[in-house]
Protein chains: 2
Amino acid sequence: MASFKGTYVHQLDAKARLALPSRLRGQIPEGGTLTVSAENCLTFYPASLWSDVERELSTLDPLNPDARDTKRQIFGSAEDVTFDKQGRIPIPVHLRDHAGLTKEVVVMGVGDVIELWDATAWQKRHVRIAADASDIMRRARGGVPLSP
Amino acid sequence: MASFKGTYVHQLDAKARLALPSRLRGQIPEGGTLTVSAENCLTFYPASLWSDVERELSTLDPLNPDARDTKRQIFGSAEDVTFDKQGRIPIPVHLRDHAGLTKEVVVMGVGDVIELWDATAWQKRHVRIAADASDIMRRARGGVPLSP
DNA sequence: TGATTGGTGGGTACTTGTGGGGAAAAAAGG
DNA sequence: CCTTTTTTCCCCACAAGTACCCACCAATCA
């Protein structure tokens, strides 16, 4: 299982291409799937993990309206992406809009996925997360503090 | 399980490289992961210990927003590091900034991890810890967090 | 004291991120 | 159906960053 780490700031060029950092790219030579996140950013799933996402979503109850909206949100915005010979991926317009990407893009390894943020949007969120870090981490585990 | 001890003062060179003391390096030939600490210093996890951290994080619920922020906080600031043939590791800019590293760096073995401090920052904290040592150690067993 | 190890500095070659030209493919329009 | 426009991809080029390598010096140890 790939483990993505680190924060990188890259430029979206005039042709809406984004170079993934080679540290991350090296772990996913075959590309993967890009789609919207619950937050205003994009999530890149390596090919192996995306099939898990599909399986997970297919178990949702078709009679639940929220489940149907969830599938619309995820599948409807998803795009398979591969790298050009320079290691760049094209970002479709609707995904660019969802994350508000303009020029400076924060590429972040978040364990099993990679997230793309508009630089200023991430900066604002980051200071908020850093300030509330201990509360956030406690709630993440339902009240139990994270050990390290 | 490795046990790191001792305090060393090393220089961050013009290329942002730091030589780990060979006493410590000998226990971790394969390198490890460097990330931010809750205090203004950096924490180096040997590979075996970092995998425990990842395992812990992988149990978090992906549908919980706080869990996602937690993973962003931890993975986003982490970097895998390996040694060059001189036993040095490069310190990425965002990590250097978090710990305020400039030239003199205190490298400290702290049991299962290694910490990196800016020399003057550590000195200030050290005199405070030394002054309150008995109180601090008493509270350490009561689960009450150390005030920053 | 000679030899080895460990920390530091710096030169050189390569890798990587970025921009842009031009060919091929796809889409639009008459 | 053919032409025009747009998009997509491959290629080259350049600059900045990174990594590898060798060299020096100080401290340690036999």
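1. How many bridges join β1(A) to β7(A), and in which sense do the two strands run? In this predicted model, the two strands run antiparallel and are joined by 5 bridges. Within this pairing, V9(A) has V106(A) of β7(A) as its bridge partner.

2. The pair belongs to an open sheet of 6 strands in chain A, ordered β1-β7-β8-β4-β3-β5 with antiparallel pairing. β1 and β5 (79–81) of chain A stand at the edges with a single partner strand each, so each has one side without a neighbour in the sheet. From one strand to the next, the twist averages 30°. Helix α2 (residues 47–58) of chain A packs on this sheet, where it touches β3 (32–36), β4 (42–46) and β8 (113–118) of chain A. The direction of the helix makes about 105° with that of β4(A).

3. Is β8(A) enclosed or open? The strand is largely enclosed by the rest of the structure, because 6 of its 6 residues are buried. Burial applies to both faces: V113(A), E115(A) and W117(A) lie on one side, while I114(A), L116(A) and D118(A) lie on the other.

4. The partners of β8(A) can be described in turn. With β7(A), the strand β8(A) runs antiparallel over 6 bridges, and M108(A) stands opposite E115(A). With β4(A), the pairing is also in the antiparallel sense and has 3 bridges; here T43(A) stands opposite E115(A). The hairpin of β7(A) and β8(A) has 2 residues between the strands, and G111(A) takes a positive phi near 75° in it.

5. The largest nonpolar core has 52 residues. Those with the most contacts inside it are I114(A) and L116(A) from chain A, with L42(B), L116(B) and W117(B) from chain B. Strand β7 (residues 104–110) of chain A gives the core its largest share, 5 residues. Neighbours within four places in sequence aside, L116(A) is in contact with C41(A), L42(A), F44(A), A99(A), L101(A), V105(A) and V107(A).

6. Between the two protein chains, 22 residues of chain B are in contact with 19 residues of chain A. On the side of chain B that touches chain A, α2 (47–58), α3 (65–76) and β5 (79–81) of chain B each supply at least two residues. The largest share, 10 residues, comes from α3(B). By class, this side of chain B has 7 nonpolar, 7 polar and 8 charged residues.

7. DNA strand D is surrounded by residues of both chains: K15(A), D84(A), K85(A), Q86(A) and P90(A), together with D84(B), K85(B), Q86(B) and P90(B). The surface near DNA strand D has 2 nonpolar, 2 polar and 5 charged residues.

Definitions and conventions. Residues are numbered from 1 along each chain as its sequence is written. Chains are lettered from A and ligands numbered from 1 in the order in which they are written. This is a predicted model: local features need pLDDT of at least 70, side-chain atom pairs count only at pLDDT 80 or more; totals for chains, interfaces and linings use all residues. Two residues are in contact if their C-beta atoms, placed from the backbone, lie within 7 Å. Helices (H or I, at least four residues) and strands (E, at least two) are DSSP runs, numbered from the N terminus. Ala, Val, Leu, Ile, Met, Phe, Trp, Tyr, Cys and Pro count as nonpolar, Asp, Glu, Lys and Arg as charged, and the others, Gly among them, as polar. A nonpolar core is a set of buried Ala, Val, Leu, Ile, Met, Phe, Trp, Tyr and Cys residues joined through C-beta atoms within 7 Å. A residue is buried if 20 or more other C-beta atoms lie within 10 Å of its own, exposed if 12 or fewer, and partly exposed in between; C-beta atoms are placed from the backbone. A residue is near a molecule or strand if its C-beta atom, placed from the backbone, lies within 6 Å of it. Two strands pair if DSSP finds at least two bridges between them. Axes are lines fitted to C-alpha atoms, for helices over the stretch in contact, and angles run from 0 to 180 degrees between N-to-C directions.
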